[in-house]
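Please look over the briefing below with the structure open beside it.

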Amino acid sequence: MTDHDLVRQLRTQVADRLNEQRRRDQISGVSPMSADDEREYARSLIVQVLEDHARYEVAEGRSPIPPEEEAEVATAIHSALFGVGRLQPLLEDPDVENIDINGCDNVFVQYGDGREERHPAVAESDEELIELIQVLAAHTGLSSRPFDSANPQLDLRLPDGSRLSAVMNVCARPSISVRKARLGRVFLDELAENGTVSPDIADFLKAAVRARKNIMIAGATNAGKTTMLRALANEIDSKERIVTVERALELGLGEYQDLHPNVVSFEERLPNSEGLGGVSMAELVRRSLRMNPSRVIVGEVLGDEIVTMLNAMSQGNDGSLSTIHANSSLEVFNRIGTYAIQARERLPLEATTMLIAGALDFVVFLRKHNDHATGGGQARVVESIREVVGHDGQVLSSEVFAPGPDGRAAAHAPISCSDDLREFGYEPDVHGQWA
């Protein structure tokens with residue numbers, strides 16, 4: 001069992017020595033260490049501090065830390081400085097899916113099979129937990145993000161690709177949710193193997209992406225929207241230039257140079273304490289259109305960026321992808337209308353529905369099933385795919401894949417753009433009969 005009091009004590013010593021080296025470099029005019037160099041230098045400082053501690057223990061007549069425990073303490077110190085402290089083992093556990101923290105000692109862990117278990121404290125106090133999140137916010141992402149009484153909300157993508165959301169001062173104790181990125185490099189064939197989609201739908205989606213259809217992925221929280229977005233994006237030809245726009249970097253498409261060597265990732269920037277320097281999602285979507293993109297991918301639509309994105313889709317930027325929260329494939333159109341009314345363009349409903357009809361081609365809806373309590377485990381499945389076919393005072397759509405007996409989508413109606421898909425290898429008449 002790691003001695004967390006000792007870790008906290010030695011972490012302070014290492015941090016002091018690291019800060020002293022930074023000051024010396026600044027005074028001497030030496031360029032600051034890169035983030036990677038600083039991490040490696042910290043490892044050498046940890047070795048020195050542990051050696052000093054061992055000598056002190058022997059001088060006091062006590063036994064030093066056993067070698068196997070010393071290695072655990074060294075890892076914990078480094079995690080406390082640059083990682084996520086006691087959260088690190090949970091992030092490294094491949095079976096963990098979600099981590100919910102309602103105060104430092106009120107921790108719940110959800111596993112991939114649907115289990116939920118209580119976990120020991122991840123910090124000694126709520127203040128230490130907040131400090132941990134502040135350190136992460138300062139060193140993760142494209143720019144430092146504040147997390148304090150004036151900025152009580154925070155969204156971050158952790159170095160391993162997990163998504164962290166934190167709030168404070170609007171609830172009794174700091175609340176943090178971490179959603180693990182369990183499937184980063186994922187393909188439609190893998191989703192067919194694990195049952196998320198049928199082989200027929202996997203082939204359909206491959207053809208839809210290659211045919212440059214505009215696709216909106218919908219579902220409730222934790223339904224698998226981001227994983228599906230990554231899988232669709234991985235069907236894009238490596239020669240294409242992709243611009244992604246996100247509130248907090250999460251997709252990480254540029255991490256896989258063999259799949260996407262030409263990626264620009266935009267991240268929303270919050271204003272500073274004077275209210276200056278902020279760059280909104282809508283502004284980034286507009287900027288993305290000037291960056292010579294082959295495709296624009298908006299990680300998650302939550303506000304007024306929807307109008308800019310739909311305009312882009314309807315003005316020649318075919319093949320765009322995005323996600324949105326919704327409870328059904330049909331509800332997506334109402335959700336988009338709600339966001340559009342709130343946008344600065346203040347589009348009336350009819351104008352919004354015309355814009356949707358001219359921009360979107362398909363809506364892919366996912367649903368999460370958790371049958372762990374009855375021994376069935378957990379599954380995320382594509383339940384419905386709806387094709388936008390026109391406009392007549394409202395968006396006209398056809399549910400081309402509808403829920404089958406097992407809740408998974410199955411062929412249901414003719415696809416109006418089947419000729420376009422046939423050019424990219426999908427044969428609707430061969431792959432399945434309509435229900």
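Angles under 35 degrees count as roughly parallel, those over 145 as roughly antiparallel, those from 65 to 115 as roughly perpendicular, and the rest as oblique. This is a predicted model, in which local features need pLDDT of at least 70 and side-chain atom pairs count only at pLDDT 80 or more, while totals for chains, interfaces and linings use all residues. Residues are numbered from 1 along each chain as its sequence is written, and side-chain values use heavy atoms, with hydrogens and water left out.

**Helix pair**

- Helix α10 (residues 305-314) and helix α11 (residues 331-342) have axes that come within 7 Å and cross at roughly 110 degrees, and the two helices are therefore roughly perpendicular to each other.
- Axes here are lines fitted to C-alpha atoms, for helices over the stretch in contact, with angles running from 0 to 180 degrees between N-to-C directions; helices (H or I, at least four residues) and strands (E, at least two) are DSSP runs numbered from the N terminus.
- The contact (heavy atoms within 4.5 Å) is made by Ile 306, Val 307 and Leu 310 of α10 together with Ile 336, Tyr 339 and Ala 340 of α11.
- By class, this contact of α10 with α11 has six nonpolar residues, no polar and no charged ones, where Ala, Val, Leu, Ile, Met, Phe, Trp, Tyr, Cys and Pro count as nonpolar, Asp, Glu, Lys and Arg as charged, and the others, Gly among them, as polar.

**Cysteines**

- The structure holds zero disulfides, a disulfide being a pair of cysteine sulfur atoms within 2.5 Å.
- The sulfur of Cys 104 has its closest cysteine sulfur in Cys 171, at 13 Å, which is too far for a bond.
- Cys 104 counts as buried at 5% relative accessibility, whereas Cys 171 counts as partly exposed at 31%; buried means under 20% relative accessible area, exposed over 50%, and partly exposed in between (1.4 Å probe, protein chains only).

**Strand residues**

- His 325 lies in strand β11 (residues 321-325), and, not counting residues up to four places away in sequence, His 325 touches residues including Glu 300, Leu 302 and Arg 335.
- The side chain of His 325 also makes a polar contact with the side chain of Thr 221 (3.4 Å); such a contact is a pair of N or O atoms within 3.5 Å, where, within protein, one must be able to donate a hydrogen and the other to accept it, and residues adjacent in sequence count only if both atoms are side-chain atoms.
- Val 381 lies in strand β13 (residues 377-391) and is buried, with a relative accessible area of 2%.
- The C-alpha atoms of Val 381 and Gly 224 are separated by 8.3 Å, although the two residues are 157 residues apart along the chain.
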